[in-house]
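Here is a quick tour of one model for anyone who likes cut-offs spelled out. Have a look at the fold first, then read on.

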Amino acid sequence: MTGSMHLVEAAGRRILLDCGMVQGSPEAEAANFAPFPFDAAALDAVVLSHAHIDHCGRLPRLAMAGFEGPIYTQAATADLLPIMLLDSASLQESDAERANRRRRPGQPPAMPLYTREDVQRTLERVRPLAYGAHPALLAGVDLTLRDAGHILGSASVELRADGRTLVFSGDLGMRGTPILRDPEPVPAADLLLLESTYGNRNHRDRVATVQELGEILRAAWRDGGNVLIPAFAVGRTQELLYWFARHWDDWDMARWRIHLDSPMASKVVRVYDRHHELFDAEARAAWRGTPNPFRLPNLHISESVEESMAINRIHGGAIIIAGNGMASGGRILHHMRQHLPHRQTRIVFVGYQAEGTLGRRLVEGARWVRIHGHDVQVHAHRHTVGGLSAHADQRGLLEWYAGFGAPPPVALVHGEDLAREALAGELLTRHGVQALLPRPGLVLDV
């Protein structure tokens with residue numbers, strides 16, 4: 001499901017599509033330390049679909065293994081990469097430091113996956129591109145990036161070589177998602193690698209979802225508790241702030257203290273400000289209006305550890321948005337440890353929770369969880385607000401697939417097996433296409 005990575009050989013070149021971090025249980029994440037199943041030094045280039053860590057998070061590790069080529073990606077993604085990767089490195093260093101403080105005699109020291117210095121060396125290889133440009137990626141290989149509508153700068157990748165076309169969907173967004181433009185169709189492909197995160201379900205109507213969010217906030221205010229929202233710093237956080245601004249009056253948002261507890265937040269805001277041209281028309285109008293989603297009068301952005309810790313002294317009337325979105329790390333864990341035992345707390349999940357993560361265990365009803373070595377009893381109200389997903393649902397994936405001039409052969413990637421199998425069945429029924437369900441290591445000819 002996570003750890004997106006595909007090796008392409010074309011025109012005598014070797015190109016890697018994405019180099020993502022595996023996320024989930026500690027056992028699953030241990031795979032991030034494993035050697036790559038190819039010679040990193042022999043790669044000619046990397047093409048990156050977007051800046052989420054499960055698609056870009058092992059790029060520094062790739063450079064450490066000998067990769068010295070260019071990393072091509074959309075310009076907004078290029079601006080987001082330093083924020084995402086430096087934050088990831090900081091977490092890796094902190095986790096290693098914490099583990100070493102608890103290290104038993106004779107136990108080998110814990111090492112971070114990579115350091116901030118490794119990230120800086122990797123970023124020197126990034127080459128930004130515009131949507132729709134048709135550069136010669138390498139001799140004999142052409143590249144086009146198309147807007148995938150998932151997060152700012154997200155792209156579907158179109159590679160052409162040897163008279164054949166390979167398309168990698170990247171992560172596709174929902175049509176009508178606030179701020180972003182709709183996913184751009186692709187005219188043709190000889191093989192499509194299609195994500196399938198929500199291949200077995202359709203999201204709740206967005207209007208109904210937003211109404212539900214408002215009802216949760218009203219109930220939380222009535223009960224006098226705080227609202228915890230695990231959210232990735234890029235994508236979901238911006239949409240939440242957008243809805244707070246849109247419903248400023250009818251949700252009575254002025255009475256809340258809104259805390260965006262992320263050292264990345266102010267940096268991400270600046271990236272969004274630099275790339276208004278990628279917004280849809282409604283979002284461009286909202287950014288010129290009052291209140292501006294990123295400049296709400298009661299919005300507090302916490303950058304220091306001390307500011308983050310101070311939030312836990314607030315026992316009611318606070319909305320706390322903190323990373324990461326699956327509660328598998330980051331500052332949200334500190335807030336959960338403090339607030340999950342309280343019945344007046346509400347925790348709102350607004351995105352996909354991968355198997356093995358703390359978020360998944362909470363969504364599935366766990367009564368006890370372990371956070372930073374402490375057992376925590378869960379009395380908080382739990383809400384899963386699925387209609388805000390940044391991923392296309394089954395309906396959206398099928399609609400995007402139908403945009404090809406002729407139905408291409410398709411391999412379903414980046415999805416759990418139940419989701420892939422359901423989507424494969426729909427593709428067969430609707431388009432007569434027998435989708436492949438590849439496993440790591442499978443080789444396909446285009």
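## Ground rules

This is a predicted model, where local features need pLDDT of at least 70, side-chain atom pairs count only at pLDDT 80 or more, and totals for chains, interfaces and linings use all residues. Residues are numbered from 1 along each chain as its sequence is written, and side-chain values use heavy atoms, with hydrogens and water left out.

## The chain overall

The protein chain has 14 helices and 19 strands; these are DSSP runs numbered from the N terminus, with helices being H or I of at least four residues and strands E of at least two. Its C-alpha trace spans about 65 × 55 × 40 Å along the principal axes. The radius of gyration is 22 Å, which agrees with the value near 22 Å for a compact globule of 446 residues (taken over C-alpha atoms; the globule rule is 2.2 Å times the number of residues to the power 0.38).

Of the 446 residues, 57% count as buried, meaning under 20% relative accessible area, with exposed being over 50% and partly exposed in between (1.4 Å probe, protein chains only). The chain exposes about 18600 Å², and carbon and sulfur atoms supply 50% of that (Shrake-Rupley method, 1.4 Å probe; for residues, only the protein chains shown count as cover).

Strand β10 (residues 191-195) and β19 run parallel and are joined by four bridges. Leucine 192 stands opposite valine 410 in β19.

## Aromatic pairs

The structure holds eight aromatic pairs. Tyrosine 242 and tryptophan 243 form an edge-to-face one, at 5.3 Å centre to centre and 80° between the planes. Tyrosine 242 is buried at 2% relative accessible area, and tryptophan 243 counts as buried at 11%. Elsewhere, ring pairs link Tyr272, Phe279 and Phe294 into a cluster. Rings of Phe, Tyr and Trp (its six-membered ring) pair if their centres lie within 6.5 Å; planes under 30 degrees apart are stacked, over 60 edge-to-face, the rest tilted.

Technical notes. Pairing = 2+ DSSP bridges.
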